[in-house]
Amino acid sequence: MRALLTLLLSVAVLAGAIGVVWARHLHRQAYIELSQLEHARDELNIEFGRLQLEQATWSEANRVEQVAAARLGMKFPETADIVVLQP
């Protein structure tokens, strides 16, 4: 009876040890994945900042005015070209 109890306790201790090793392994894998995802997040945040800066640059009034003049031939009307309509 005593040998059976010793064997049973030994098996329980061995199973617990294997469970601890398995849990540590899963923890390490999850930590590696977390680190990779944090790195990807940081890269995306940097790219987002660059894109916001680029959008602000392209939408400046001076830039829009330059493109309108260069590509479309647009310009501000001269005083003689302005017509005021009376109701």
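Is Arg41 buried, exposed or partly exposed, and what is its relative accessible area? Arg41 is partly exposed, at 46% relative accessible area. Buried means under 20%, exposed means over 50%, and partly exposed lies in between (1.4 Å probe, protein chains only).

This is a predicted model: local features need pLDDT of at least 70, side-chain atom pairs count only at pLDDT 80 or more, and totals for chains, interfaces and linings use all residues. Residues are numbered from 1 along each chain as its sequence is written, and side-chain values use heavy atoms, with hydrogens and water left out.

**Overall form**

The chain has two helices and zero strands. Both element types are DSSP runs, numbered from the N terminus: helices are H or I with at least four residues, strands are E with at least two. The radius of gyration is 36 Å, well over the 12 Å that the globule rule gives for 87 residues, so the chain is more spread out than a compact globule. That radius is taken over C-alpha atoms, and the rule is 2.2 Å times the number of residues to the power 0.38. The C-alpha trace spans about 115 × 30 × 15 Å along its principal axes.

**Surface and charge**

Buried residues make up 1% of the 87 residues. The accessible surface is about 8600 Å², and carbon and sulfur atoms account for 66% of it. Areas come from the Shrake-Rupley method with a 1.4 Å probe; for residues, only the protein chains shown count as cover.

There are 8 positive and 10 negative side chains, and the centres of the two sets lie 17 Å apart. Lys and Arg count as positive, Asp and Glu as negative; His and the chain ends are not counted. Each charge is placed at NZ of Lys, CZ of Arg, CG of Asp or CD of Glu.

The salt bridge count is one. The criterion is a side-chain nitrogen of Lys or Arg within 4 Å of a carboxyl oxygen of Asp or Glu. Arg41 and Asp42 form a salt bridge through their side chains, at 3.1 Å from N to O. Asp42 is partly exposed, with a relative accessible area of 37%.

Met1, Leu4, Leu7 and Val11 make a nonpolar surface patch of about 490 Å². Patch residues have over 30% relative accessible area and no salt bridge; like charges are joined within 9 Å, nonpolar side chains (Val, Leu, Ile, Met, Phe, Trp, Tyr) within 5 Å. Leu7 sits in helix H1, which covers residues 2–58. Leu7 is exposed, at 53% relative accessibility.

**Distances along the chain**

| Pair | Apart in sequence | C-alpha to C-alpha |
|---|---|---|
| Leu14 and Leu51 | 37 residues | 55 Å |
| Ala30 and Val67 | 37 residues | 51 Å |
| Gly19 and Arg50 | 31 residues | 47 Å |

Leu14 lies in helix H1 and is exposed, at 53% relative accessibility. Ala30 is in helix H1 and is partly exposed, at 44%. Gly19 is found in helix H1 and counts as partly exposed, at 35%.
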